[in-house]
Amino acid sequence: MKDRPLDLDAVEAFIRTAELGSFTRAAEAMQTTQAAVSLKLKRLEDRLGCRLLERTPRYVELSTHGGAFLEHARELLAAHERALSLFSAARQRLTIGISDHVAGPELPALIARMNTQDPQLLIEIRIGSSGDLLQRFDRREFDTVIVRLHAGRSDGKMLAEEKFGWFAAPGWQHRADEPLPLATLAEPCGVRVMAGQLLDKAGVPWTEIFVGGGVAAVAAAVMAGLGVGALAPRMLPFGAVDVGPRLGLPDLPRLPVLLHSRVKDGRSLDALAALSAAFRSAVRG
């Protein structure tokens, strides 16, 4: 048994499934089927003589053997990529724009996964508003952008839909005789416009109490007790409270995360597939 080398495709399937916690999302990242990923993992487990992943109807997690093997598996795949890079052409560049309302605290881990997918791919990422990023994509300044739905656009591939809420700091109280204080992003911001329109339609008086240059700044203002922010739960520190039901605020719709890309094939497409699967995992939680 020990004389047979490991199947590198199976090793990659194990890594992707362990990182994404899902056979389905691992299959998306590898651009194959869930059945193919499951088969690769079974063959790898048979080869090693132990179970690497514990499977239940609701989740997938590392076994004790899987946890011990994971870092070795990553090193093996990285060594393989370094060996291949000796014979590859000039280093490719992939430029990606990500909306500030999409690039949450998971971004460092997502970038690390892309680098693991192809260490020789030069990845350039810029953060901005969805509208600005789409304009720059149309001017061919980006290969790919990941943004929120933007008015007047019906193109793009949906990666996921994300829940939003009206969040405030624990213990924050609204004075009934004052307009609702909002912490928002600076213009142009589609979420900012949507939140204002919904409050106006519901007859809720409001005022901007804080305008931030990024979601992190808005989340900080919310947690400092300045007011309420229309944000996705994953953008806020633990402990933030959705005060929408208590204050009778209008429901915020689930907002889509859309991928616009002109990447068609090659190494960039493989890395982008891994990033897309990771975003689905992060957004859907």
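**Cavities and rings**

Tutor: Let's start with the largest cavity: β8 gives the most to its lining, with four residues. Keep in mind that this is a predicted model.

Student: Which elements each supply at least two residues of that lining?
Tutor: They are β8 (180-185), α7 (190-201) and β10 (229-231).

Student: What volume does the largest cavity have?
Tutor: About 100 Å³. Of the 15 residues that line the largest cavity, A183, T184, L185, V191 and A230 are the closest to its centre.

Student: How do the lining residues divide?
Tutor: Into 11 nonpolar, three polar and one charged.

Student: Which residues line the second largest cavity?
Tutor: R16, E19, L20, A29, R113 and A274. Here α1 gives the most, with three residues. The lining divides into three nonpolar, no polar and three charged.

Student: New topic. How many aromatic pairs does the count come to?
Tutor: One. F14 and F69 form a tilted pair, 5.4 Å centre to centre, with 40° between the planes.

Student: Where in the chain do the two sit?
Tutor: F14 is in helix α1 (residues 8-20) and F69 is in helix α4 (residues 64-85). They are 55 residues apart, so the pair links distant parts of the chain.

Student: Is F69 buried or exposed?
Tutor: F69 is buried, because its relative accessible area is 15%, under the 20% cut-off. F14 is buried too, at 0%.

Student: What lies over the face of F137?
Tutor: R262, at 4.1 Å from the ring centre.

How values were computed: Residues are numbered from 1 along each chain as its sequence is written. This is a predicted model: local features need pLDDT of at least 70, side-chain atom pairs count only at pLDDT 80 or more; totals for chains, interfaces and linings use all residues. Side-chain values use heavy atoms; hydrogens and water are left out. Rings of Phe, Tyr and Trp (its six-membered ring) pair if their centres lie within 6.5 Å; planes under 30 degrees apart count as stacked, over 60 as edge-to-face and the rest as tilted. Buried means under 20% relative accessible area, exposed over 50%, partly exposed in between (1.4 Å probe, protein chains only). A charge sits over a ring if NZ of Lys or CZ of Arg is within 6 Å of the ring centre and within 35 degrees of the ring normal. On a 1 Å grid over the protein atoms alone, a cavity is a set of points where a 1.4 Å probe fits but cannot get out, and a pocket is an open set with protein on both sides within 12 Å along at least five of seven lines; lining residues have an atom within 4 Å of a point. Grid points are joined across faces, edges and corners, and a volume is the space filled by probe spheres set on the points. Ala, Val, Leu, Ile, Met, Phe, Trp, Tyr, Cys and Pro count as nonpolar, Asp, Glu, Lys and Arg as charged, and the others, Gly among them, as polar.
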